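This report concerns the packing of a single protein model and the surroundings of selected residues. Please consult the sequence and structure shown here alongside the text.

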Amino acid sequence: MDKFTKLTSSAIPLSIENVDTDQIIPARFLKATSRDGFGENLFRDWRFHKDGTVNNDFILNNSKYNGTILIAGDNFGCGSSREHAAWAINDFGFKVVVSSFFADIFKGNALNNGVLPIQVTPEYLKELFTEIENNANAKFEVDLDTQTITILSTESSAIFEINPYKKTCLTNGYDDIDFLISNKKEIEEFENAKV
């Protein structure tokens with residue numbers, strides 16, 4: 001995984017509540033065994049019409065918006081526990097998803113796959129949406145060290161929580177195996193001390 005310390009980016013607003021994992025990546029695309037290519041089917045049934053043509057009314061198809069931050073409505077990632085939802089978000093290019101609530105399993109899957117889920121208050125989420133509504137190119141800063149997200153134009157910030165272990169993994173670009181390997185010396189010393 002890529003290391004994550006600080007990100008400054010514009011954002012794409014998806015002001016839809018209760019987005020479930022089947023909307024994020026429809027079940028018919030779950031047959032692949034590799035994580036690659038899932039991004040092209042992110043929100044497939046919203047991004048494209050049934051005949052395969054682009055749905056120009058869907059926010060991800062609006063060239064006015066861009067960035068590696070997805071700002072989503074309340075209760076993002078509910079539904080089935082498919083890890084493919086996090087794969088699709090990451091493969092599409094999002095590094096951060098912001099919402100006022102995440103399903104626990106989605107939150108864990110996102111963190112395991114290099115996507116930082118930031119939970120903010122409903123009031124701050126509304127502030128984020130308002131900022132983008134007023135300026136499609138508005139910039140936001142996510143600082144993992146201080147665990148803050150900031151609207152750069154107003155300097156309005158919110159603090160977010162993250163599991164300390166997952167914070168260490170994201171900061172260093174570790175998955176669970178990488179983390180164990182990084183502690184190999186300490187593990188060997190512990191094992192040798194037991195003998």
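The following paragraphs describe the nonpolar core and then individual residues of this predicted model.

**Nonpolar core.** The largest nonpolar core comprises 54 residues, and those with the most contacts inside it are Phe-43, Ile-71, Phe-76, Val-98, Leu-116 and Val-142. Helix α5 (residues 122–134) supplies the largest share of this core, namely five residues. Leaving aside neighbours within four places in sequence, Ile-71 is in contact with Leu-125, Leu-128, Phe-129 and Ile-132, among others. The contacts of Ile-71 also include Ala-11, Ile-12, Pro-13 and Leu-14, as well as Val-98 and Phe-140.

**Val-142.** Strand β6 (residues 140–143) contains Val-142. In space, Val-142 and Leu-7 lie 5.1 Å apart, C-alpha to C-alpha, although 135 residues separate them in sequence. Beyond its neighbours within four places in sequence, Val-142 contacts Phe-4, Thr-5, Lys-6, Leu-7, Ile-69, Val-96, Leu-116, Ile-118, Thr-148, Ile-149 and Phe-160.

**Ser-10.** The loop between β1 (6–9) and β2 (11–14) holds Ser-10. Its side chain makes a polar contact of 2.7 Å with the side chain of Asn-66. Not counting residues up to four places away in sequence, Ser-10 touches Asn-66, Gly-67, Thr-68 and Ile-69, together with Asn-137, Ala-138, Lys-139 and Phe-140.

| Residue | Relative accessible area | State |
|---|---|---|
| Val-142 | 0% | buried |
| Ser-10 | 3% | buried |

Ser-10 is classed as buried because its relative accessible area of 3% falls under the 20% cut-off.

Key
Residues are numbered from 1 along each chain as its sequence is written. This is a predicted model: local features need pLDDT of at least 70, side-chain atom pairs count only at pLDDT 80 or more; totals for chains, interfaces and linings use all residues. Side-chain values use heavy atoms; hydrogens and water are left out. A nonpolar core is a set of buried Ala, Val, Leu, Ile, Met, Phe, Trp, Tyr and Cys residues joined through side-chain atoms within 4.5 Å. Buried means under 20% relative accessible area, exposed over 50%, partly exposed in between (1.4 Å probe, protein chains only). Helices (H or I, at least four residues) and strands (E, at least two) are DSSP runs, numbered from the N terminus. Contact means heavy atoms within 4.5 Å. A polar contact is a pair of N or O atoms within 3.5 Å; within protein, one must be able to donate a hydrogen and the other to accept it, and residues adjacent in sequence count only if both atoms are side-chain atoms.
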